[in-house]
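Please open the structure in your viewer and keep the selection tool at hand.

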Amino acid sequence: TGFNAFWYSHHLFIIVYALFIVHGEKLYITKDWYKRTTWMYLTIPIVLYASERLIRAFRSSIEAVKILKVAVYPGNVLALHMSKPQGYKYKSGQYMFVNCAAVSPFEWHPFSITSAPGDDYLSVHIRTLGDWTRQLKTVFSEVCQPPPNGKSGLLRADYLQGENNPNFPRVLIDGPYGAPAQDYKKYEVVLLVGLGIGAA
């Protein structure tokens, strides 16, 4: 609920910009179009915002990741292991945005990448704290089963070659993005603070 209120309230800027344009076009003080300078103050922000949205849509829709493993652990932690897109490079401490259309086609949420840069897969560990994460856990739990002997997790589902595989929800990713934690090698002394779910 909190994220939705934040997300949708910030998109009210579209209405504000529309009112700016109307205000500029209805400026009766001057009849010369080139003296109506409202467009000058709106063009750059609109172009930057539209470019960022187009780049994100392009990067995330080129190749949807394939879910390789799902596990639900004690403490309401959902672990997603997914295929790594070709050429996808990241550093320890970076994060990526995750979208699941089965929950919401418009919402992108950031999560730390918990797999090592040298792994041949991507993983995130998600603590279910809000509406979106609870729904995400629900849709993935529906395709999971109690794990067989020797496998971890309360619920689990794995993608296996040549077998009947679970119908995993479609997941898109966008990233990686930088984070302060990735520069830890530059310092002689590092202070570690445990927070979040302790998986990153």
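Accessible areas come from the Shrake-Rupley method with a 1.4 Å probe, and for residues only the protein chains shown count as cover. This is a predicted model, in which local features need pLDDT of at least 70 and side-chain atom pairs count only at pLDDT 80 or more, while totals for chains, interfaces and linings use all residues. Residues are numbered from 1 along each chain as its sequence is written, and side-chain values use heavy atoms, with hydrogens and water left out.

Next, switch to a cartoon view. Four helices and seven strands form the secondary structure, in the order α-α-α-β-β-β-β-β-α-β-β along the sequence. Helices (H or I, at least four residues) and strands (E, at least two) are DSSP runs, numbered from the N terminus.

Of the 200 residues, 30% are buried. Buried means under 20% relative accessible area, exposed means over 50%, and partly exposed lies in between (1.4 Å probe, protein chains only).

Select Asn-76, in the loop between strand E1 (67-73) and strand E2 (77-83). Its phi is near 60°, a positive value in a residue other than glycine. Most residues other than glycine have a negative phi. Asn-76 is partly exposed, with a relative accessible area of 37%.

Move to Ser-104, in the loop between strand E3 (95-100) and strand E4 (109-112). Is Ser-104 buried or exposed? With a relative accessible area of 8%, Ser-104 is buried. Beyond its neighbours within four places in sequence, Ser-104 is in contact with Asn-99 and Trp-132; contact means heavy atoms within 4.5 Å.

Now select Arg-134 and Asp-131, which both lie in helix H4 (residues 131-141), three residues apart, about one turn of the helix. They form a salt bridge, with the closest N and O atoms 3.1 Å apart. The term denotes a side-chain nitrogen of Lys or Arg within 4 Å of a carboxyl oxygen of Asp or Glu. A search of the whole structure finds one salt bridge. Arg-134 is partly exposed at 43% relative accessibility, and Asp-131 is partly exposed at 28%.

Finally, select Tyr-184, Tyr-187, Val-190 and Leu-192, which make a nonpolar surface patch of about 480 Å². Such patches join nonpolar side chains (Val, Leu, Ile, Met, Phe, Trp, Tyr) within 5 Å, from residues with over 30% relative accessible area and no salt bridge; like charges are joined within 9 Å. Val-190 is in the segment after strand E7 (171-177) and is partly exposed at 42% relative accessibility.
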